[in-house]
Amino acid sequence: MGATTCQQVRVSVSQTGDCFDCATNESLLAGMLRLGRKGIPAGCVNGGCGVCKVRIVEGAVQSLGPVSRAHVSTEEEANGYTLACRVAPTQAVCLEVAARLRKPFLGGATSVAQRPAT
Ligand code: FES
C-alpha cells in the first residue's frame with residue numbers, strides 16, 4: 001500500500017506555546033491561521049511580502065515555492081529562517097515567529113512579565 005497521503009504533524013510556536021496540526025502538504029502559515037489568533041497577518045501568501053517570517057527551531061520543512069531574498073537572506077536561511085507561507089512541515093516542528101508577524105501575534109505577551117511575584 002502506498003502511504004503517500006499527507007500526514008498531519010504537530011507544530012508549536014516557541015514564544016507562545018501554541019500548538020497546531022499542519023498537513024505535510026500545506027504551509028505552516030495555513031496551519032497557523034487555523035489557530036484563529038487575530039494577530040496573524042497573512043500577507044501575499046506567496047513568498048513575497050515577508051510578514052510571515054519564522055525561524056525553524058526544531059524539526060524539518062520542505063519548500064513549497066520560492067522565498068523572496070529581500071526578506072530571507074541566504075545567511076538567514078542557513079540559520080533556519082524562512083517564510084511560513086512557503087514551507088510545509090515534514091515532521092513535527094517548533095518555530096519561532098520573527099519579523100513583522102511577531103508584534104501583533106505576540107500581542108500583550110510582554111505584560112506577563114509584570115505579574116506581581118507571590
Ligand atoms: S505571507 Fe507574504 S511572504 Fe508569506
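Predicted model: local features only at pLDDT ≥ 70, side-chain atom pairs only at ≥ 80, totals over all residues.

Me: How many bridges join β3 to β5, and do they run parallel or antiparallel?

Reply: Three bridges, and the two strands run antiparallel.

Me: What about β3 and β7? How many bridges there?

Reply: Four bridges join β3 to β7, again with the strands antiparallel. For one of the residue pairs, look at Arg55, whose bridge partner in β7 is Glu96.

Me: Zooming out, in what order do the strands of the open sheet sit?

Reply: The order is β2-β1-β7-β3-β5, five strands with mixed pairing. At the edges are β2 (19-23) and β5 (81-83), each of which pairs on one side only. On average, neighbouring strands of this sheet are turned by 40° against each other, ignoring direction.

Me: And how many helices and strands does the protein chain have?

Reply: Three helices and seven strands. Going along the sequence, you get β-β-α-β-β-α-β-β-β-α.

Me: Switching to the core. How many residues are in the largest nonpolar one?

Reply: There are 22, and those with the most contacts inside it are Leu28, Cys52, Val54, Ala84 and Leu95. At least two core residues come from each of β1 (8-13), α1 (28-33), β3 (53-58), β6 (87-89) and β7 (93-97).

Me: Val54 again! Which residues does Ala84 touch?

Reply: Leaving out residues up to four places away in sequence, Ala84 touches Ser27, Leu28, Leu29, Met32, Cys52 and Val54.

Me: How much of the protein chain counts as buried?

Reply: 27% of its 118 residues.

Me: Last one: what share of the contacts comes from residues 24 or more positions apart?

Reply: They account for 64% of the contacts in the protein chain with a separation of 6 or more.

Note on methods:
Residues numbered from 1 in each chain as written. Core = buried A, V, L, I, M, F, W, Y, C linked by C-beta atoms within 7 Å. Buried ≥ 20, exposed ≤ 12 C-beta atoms within 10 Å, placed from the backbone. Contact = placed C-beta atoms within 7 Å. Pairing = 2+ DSSP bridges. Axes fitted to C-alpha atoms, helices over the stretch in contact; angles between N-to-C directions.
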